[in-house]
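Please read them with the structure open.

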Amino acid sequence: MKRKFSIGLLLFLFICMSFSFAAFATEKGTSLPDTFTAQSDEAKIAFRDAVGVTSAQSAGDTAFMFASTVLVFIMTPGLAFFYGGMVRRKNVLNTMMNSFVLMAVISIQWLFFGYSIAFGTGGPLFGVGQYLGFSGVGAAPSVYAGTVPHTLFALFQLMFAIITPALISGAFAERMKFSAFLLFSVLWATLVYDPIAHWVWGVDGWMSLLNPNAAFQALDFAGGTVVHISSGFAGLVLALMLGKRKEKSTAIPHNIPFVLLGAALLWFGWFGFNGGSALSSGGLAIHAFLTTNMAAAAATLSWMFVEWIKTGKPTVLGAATGAVVGLVAITPGAGFVTPVAAVIIGALVSPLCYFAVSYLKHKLGYDDALDAFGCHGVGGFFGAVMTGVFATTTVNPFGKDGLLYGNPEQFLIQLAAASITAAFSVVMTFLIMKAVGLVVKTRVAEKDEMQGMDITQHGEDAYPDFSSDQSIA
Amino acid sequence: MKMVIAIIRPESLDNVKQALFNAEIHKMTVSPVRGCGQQKGYTENYRGSIKTINLLPKIRIEIVVNDSFVKPTIDAIISSARSGNIGDGKIFVMPVEEVYRIRTGETGSEAIG
């Protein structure tokens, strides 16, 4: 098994290298003019012209999008804490690694082919190879964001591509083999995330707002379908395929302060996630910032009160979860709905997700360990559909009106887009998991699960006590 | 009066507690401990330096019972903590000289129950 895995790894590196050579070969060399080092203004202007900085490019937009990009980046470490706090102490390192390592894995995948599949042109289903190795992705703006360098747009989208497979890891926490997880994540990002991103956001995607010939134009401001529905439903499939944890009944969060830290980082980063999805600074971006904050606030409170009424105590874990499901729900509508609608969406999503994680999950018996489906699948689906109710062109003239603004058709379109994304993710996740199962074992052995993922998968102990100081060779 | 000390696997604790409750034994003291016996340890790796850990995490349960309860206690623990593999643990039984309940000052069998 080890040998097979190392062969796979070598093959992957080889493919990456060949792509990079291809990219180098096609790239039009833009080296620094010799005069640039002299720092003269003329030379700088000449250099800017040479690398394709146009007058359309905005320093303000570029600075704003850079800030948004790094905000989205911090969400993945935030998610690592959010999930890490919810597992038992013997599994915390593995759970956090499942998010952290994807920052590296998906970065490489995105550079060599991920971005090209998602945002290249080529057809309504997926893009083809013109951006392999970021060839043709340079300082000149792209069709997607006309005032910032294409590289910045690609980096902004990379952060979304990283966090999406990381979200799934909540469903299979405490039992999936690390090697199987790595293999699954690369395949899932390539075969599920990248195509769905192309459908919804690609310039020729078949449900894209940017495509005048699209089958229908779904509203997804910042990734309700692309990020949350796709990952949530994938989580459900994985939870079912891997089976329950052996000690499910006694598994409780080992560090709720970690969960709170993670939720706070997610909330903070989400301002860039939704605000930055305007792809320029200005009124729409700040509007998305506003709706994002208000939905999270409303959802935090509604979760707290639902729990207070149901169980008698307002828990910290519940408040943190409420904030996250509120953020999930407002994601597709952030740039299309009013602040009051955002509060309504936030207030309603928490009771729904509370029902999903506290009742539905136990009733149906799947072990979605950290509620990737209950929060992101259910919350994302609800948000996508609510966008079809509350969207209004008074907020965003490039959007659509929803059900409440006399356009019931958009409600059906949102429902269709959400359902198709969910169905695609379910089928593909099942097939990918079957394929991964042919190469490596997907679940750890029972005794390894008992001993803990940290020691058996990584050879480390997150909280070593006195005995670990003694080295007995 | 006897003290029963059981060293068990951490993952067996819930089964053992349930079995003890079923046998009408409701009073115990539980602590997380480290120890080694026949079970081999494992290695950890910190930036390339390999540490061998041979003290494994275990759970220690202390129960003080009247003589008639010794057998049911031991039966309950063995039946619920046995997986059949090395590392299931051990049970020690020892005599107890005296027991006092701090709140009332009761002694002996009355203080246990």
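1. Basis. This is a predicted model, in which local features need pLDDT of at least 70 and side-chain atom pairs count only at pLDDT 80 or more, while totals for chains, interfaces and linings use all residues. Residues are numbered from 1 along each chain as its sequence is written, chains are lettered from A and ligands numbered from 1 in the order in which they are written, and side-chain values use heavy atoms, with hydrogens and water left out.

2. Chain A overall. Chain A has 15 helices and zero strands; helices (H or I, at least four residues) and strands (E, at least two) are DSSP runs, numbered from the N terminus. Of its 473 residues, 56% are buried, where buried means under 20% relative accessible area, exposed over 50% and partly exposed in between (1.4 Å probe, protein chains only). Taking contacts between residues at least 6 apart in sequence, 76% join residues at least 24 apart; contact means heavy atoms within 4.5 Å.

3. Helix α10 of chain A. This helix covers residues 316-330, and its end C-alpha atoms are 22 Å apart, in agreement with the 21 Å that its 15 residues should span at 1.5 Å a residue. The expected span is 1.5 Å times one less than the number of residues. Because 13 of the 15 residues are buried, α10(A) is largely enclosed by the rest of the structure. Its N-terminal end is capped by T315(A), with a side-chain oxygen 2.9 Å from the backbone nitrogen of G318(A).

4. Helices α5 and α8 of chain A. The axes of α5(A) (residues 150-168) and α8(A) (residues 256-275) come within 11 Å and cross at roughly 140°. Axes here are lines fitted to C-alpha atoms, for helices over the stretch in contact, and angles run from 0 to 180 degrees between N-to-C directions. The two helices are therefore oblique to each other: angles under 35 degrees count as roughly parallel, over 145 as roughly antiparallel, 65 to 115 as roughly perpendicular and the rest as oblique. α5(A) passes α8(A) in a left-handed crossing; a crossing is left-handed if the near helix is turned anticlockwise from the far one by less than a right angle, and right-handed if clockwise. F156(A), F160(A) and I163(A) of α5(A) meet L266(A), G272(A) and F273(A) of α8(A).

5. S68(A). This residue sits in helix α3 (residues 59-84) of chain A and is buried, at a relative accessible area of 2%. Beyond its neighbours within four places in sequence, S68(A) contacts F156(A), G272(A) and G276(A).

6. Helices α6 and α7 of chain A. α6(A) (residues 178-201) and α7(A) (residues 224-242) have axes that come within 10 Å and cross at roughly 145°. The crossing is right-handed. Residues making the contact include F184(A), W188(A) and Y193(A) from α6(A), with V226(A), S231(A) and L238(A) among those from α7(A).

7. Helices α11 and α12 of chain A. The 19 residues of α12(A) (residues 372-390) should span 27 Å at 1.5 Å a residue, and the 25 Å between its end C-alpha atoms agrees. Of these residues, 18 are buried, leaving α12(A) mostly covered. α11(A) (residues 339-364) packs against α12(A) at about 145°, with the axes 9 Å apart, in a right-handed crossing. The contact involves, among others, L348(A), L352(A) and A356(A) from α11(A) and V378(A), F382(A) and M386(A) from α12(A).

8. Y46(B). This residue lies in strand β3 (residues 42-46) of chain B and counts as partly exposed, at 27% relative accessibility. Leaving out neighbours within four places in sequence, Y46(B) contacts E460(A), D461(A) and K51(B). A polar atom of its side chain lies 2.9 Å from the backbone nitrogen of D461(A). Its side chain also makes a polar contact with that of E44(B), at 2.6 Å; a polar contact is a pair of N or O atoms within 3.5 Å, where within protein one must be able to donate a hydrogen and the other to accept it, and residues adjacent in sequence count only if both atoms are side-chain atoms.
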